[in-house]
Amino acid sequence: MPYPHGGLGRHANLPPGERLRVLLVEDDEGDAFLVGELLAETNSMIDLSVATSLSEARQQIPNVDCVLLDLGLPDAQGLDGLRQVLGMSSGAAVCVLTGRSDEHLGIVAVAEGAQDYLVKGQVDGVLLTRALRYAVERKRADVNARRLREVELRQAESARLERGLLPQPLMTTDQVAVHTFYRPGRHAALIGGDFFDVVQTHPDRLDLIVGDVCGHGVDEAALGVELRVAWRALILAGVPDDEVLPALEQVLMSERRLQEIFATVATTRLHLDANRATVRLAGHPPPLLLSGGRVTPVPAPGGRLLGVRPRRPIAYDLEFDTDDWSLLMYTDGLIEGRVGASDERLDVPGLSGLLDEPANREVSLPELPAWLVGRAEQINGGPLADDVAMLLVSRGGGR
């Protein structure tokens, strides 16, 4: 209950945020009265409430800025009571106010997590008010420091995962150029499960993959890293083409944390000597072919999502008519943005339209992925919600 002393007189001109809510846990009525009088003398702007036991204080602690705790209570004694209060008060500062003038006990209490150790009879109103306010500020600083550290750890973790998701292409050929792009969505800066990779296993053969694990967060990103690394290992090991994605699906199904987790994947094997490609899709949007001044979605069968019901994707053979072409592989974050204020999505036809705009002819191939994202965001009316990963592989003039 609110104590009828100790700064409870209202100050109409003070903003509510300037007042501290303090809970005194004290079973001695005389000591509680004295604390109230000390705070009242200093016009402390402190709203004081009193609980006579820990069980009574339990419901009030979440709603206060500071707990002023006596170490001798009916249901808790000494440091045990302090530990219980610290366990209840993750957001409130805790100060010990006790009659025991024991320096060692004070050191231990602060080491346990108390913001201050005060001795009854050795503090006046000014010192008590200052101690309470300083304690609250120290607690806030500790909480902010911990949150900052957590953010830094998440960012470092995301950076490590991003390096795993987005490797440097493993290639030596100069017959084609590969340009990569990645941008996280706006999900609290959490990296998602989008990934890509490029591996050359023969002077005239290049394998590419773009994939997307559903969801956002550390688990999805880690699974994306596993799938990318597994795919690279399968390619380098020379596993037959038709067995690569089924094997990748086995990895997904054994490593995912929930049965509902799935992934979409697009793979392309470039046969540079024959100027053709083999495309396989597993629930992923089709690559776009830029050639002869036209933009055409590769008509490969869509296939089934990895992790839903195992089925081998159907290979599609793509013949390039000229030595000047580009193949754009991307994740669906690029095409899921809206078109203006409508419910219509950009989708594959809209993306093809962007690539067909005369303005993109002035954009160099290395800058084309970023230009596409910029245009998609303009049409969307703001940042794209999902992650975007792209691979742009080009031969000759690229268009």
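1. How far is the sulfur of Cys66 from the closest cysteine sulfur, and in which residue does that sulfur lie? The model is a predicted one, and in it the closest cysteine sulfur to that of Cys66 belongs to Cys95, at 4.2 Å. A disulfide is counted where two cysteine sulfur atoms lie within 2.5 Å, and the pair is therefore too far apart for a bond. Over the structure the count of disulfides comes to zero. Cys66 is buried, its relative accessible area being 0%, and Cys214 also counts as buried, at 18% relative accessibility.

2. On salt bridges, a search of the whole structure finds 20. One of them joins Lys120 to Glu26, with the closest N and O atoms 2.6 Å apart. Lys120 sits in the loop between strand 7 (116–119) and helix 5 (125–165), while Glu26 sits in the loop between strand 1 and helix 1, so the pair ties together parts of the chain that are 94 residues apart in sequence.

3. Arg140 forms a salt bridge with Glu137, and the closest N and O atoms of the pair are 3.0 Å apart. Arg140 is partly exposed, with a relative accessible area of 39%, and Glu137 counts as partly exposed at 46% relative accessibility.

4. Which residues gather in a patch of negative charge on the surface? The patch is made up of Asp27, Asp28, Glu29 and Asp75. Of these, Asp27 has its place in the loop between strand 1 (20–25) and helix 1 (29–41), and Asp27 is partly exposed, with a relative accessible area of 37%. The loop between strand 1 and helix 1 is also where Glu26 lies, the residue that forms a salt bridge with Lys120.

5. Turning to the backbone, Asn275 has a phi near 55 degrees, a positive value in a residue other than glycine. Asn275 is found in the loop between strand 11 (263–271) and strand 12 (276–282), and with a relative accessible area of 11% Asn275 is buried.

6. Where is the place of Asp347? Asp347 belongs to helix 8 (residues 347–356), and the phi of Asp347 is near 55 degrees, again a positive value in a residue other than glycine. At 40% relative accessibility, Asp347 counts as partly exposed, whereas Asn275 is buried.

Technical notes. Residues are numbered from 1 along each chain as its sequence is written. This is a predicted model: local features need pLDDT of at least 70, side-chain atom pairs count only at pLDDT 80 or more; totals for chains, interfaces and linings use all residues. Side-chain values use heavy atoms; hydrogens and water are left out. Patches are made of residues with over 30% relative accessible area and no salt bridge: like charges are joined within 9 Å, nonpolar side chains (Val, Leu, Ile, Met, Phe, Trp, Tyr) within 5 Å. Accessible areas come from the Shrake-Rupley method with a 1.4 Å probe; for residues, only the protein chains shown count as cover. A salt bridge is a side-chain nitrogen of Lys or Arg within 4 Å of a carboxyl oxygen of Asp or Glu. Lys and Arg count as positive and Asp and Glu as negative; His and the chain ends are not counted. The place of a charge is taken as NZ of Lys, CZ of Arg, CG of Asp or CD of Glu. Helices (H or I, at least four residues) and strands (E, at least two) are DSSP runs, numbered from the N terminus. Buried means under 20% relative accessible area, exposed over 50%, partly exposed in between (1.4 Å probe, protein chains only).
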